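Let's take a friendly walk through this structure. Have a look at it first, and then we will go through some of its details together.

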Amino acid sequence: MRDELGSPIGRDRFRRPSIEVAPDMLGLVLVSGDRAGRIVEVEAYMGELDPGSHAYRGPTPRTATMFGPPGHLYVYFTYGMHWCANVVCDEDGRASAVLVRALAPLTGVEAMRADRPAARSDRDLCSGPAKLCQALGIDGSFDGVDVVSGSDGVMLLDDGWVPEAPPVVTTRIGLSAGVDAPWRWCVPGDPNVSRPSGRGGIIAR
DNA sequence: CGTTTGATGCTCT
DNA sequence: GAGCATCAAACGG
């Protein structure tokens, strides 16, 4: 299954601040069990330096994974009903993470449809951080899993695909603090991107 | 199309 | 008790 979808990624790729890792994650394949999608939208969260980050006020039980070693999944629960998934970055002890905000579905699309009955089209399957978790079957039990080794069925792969154009850069979505940081990156023109532009419009392309 | 609103429960103050 | 890294349904033009 993995061999067909791409090659494993070294942990060193995540051993940097999330604002460096995030744009490099566009195009990678996120695999969960028999389902997979290509990452087309990400956001960076810079831990204790970032008022928009869950880690801004220091470590708590909820954010423990984000303060741990890179290459693991930080999965959190929000709005009383949704799960969202980040990939932890930077050295152990520094809370830096990349939120995966949208995927282009690749495999297991039938299973995704079954788990996302509200989706009116396949573009609604993974076009948002909570949607993609539902589509891939990711919930709180996946917090802390290693996406480099893939030992728990969730893995990031590189199949060599690269966007035709440089990423679109915007401000982040849905925050009340840290709203001005241009830390959201999208694959230009991809129909699965959750929203074409951020609060301040498109900052760079 | 666009914007608005209700759902729903965990987390930290 | 307030706020939330969201989503879908219900509106209005």
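## The surface near the DNA

The surface near DNA strand C is made up of 10 nonpolar, 7 polar and 3 charged residues. Here Ala, Val, Leu, Ile, Met, Phe, Trp, Tyr, Cys and Pro count as nonpolar, Asp, Glu, Lys and Arg as charged, and the others, Gly among them, as polar.

## About the model

This is a predicted model, in which local features need pLDDT of at least 70 and side-chain atom pairs pLDDT 80 or more, while totals for chains, interfaces and linings use all residues. Residues are numbered from 1 along each chain as written, chains are lettered from A and ligands numbered from 1 in written order, and side-chain values use heavy atoms, without hydrogens and water.

## Touching the bases and the backbone

In the side chain of Asn86, an N or O atom is 2.6 Å from a base nitrogen of DNA strand C. For Tyr76, the corresponding distance from a side-chain N or O atom to a base nitrogen is 3.3 Å. Ala130 uses a backbone N or O atom, 3.0 Å from a phosphate oxygen of DNA strand C.

Notes
A polar contact is a pair of N or O atoms within 3.5 Å; within protein, one must be able to donate a hydrogen and the other to accept it, and residues adjacent in sequence count only if both atoms are side-chain atoms.
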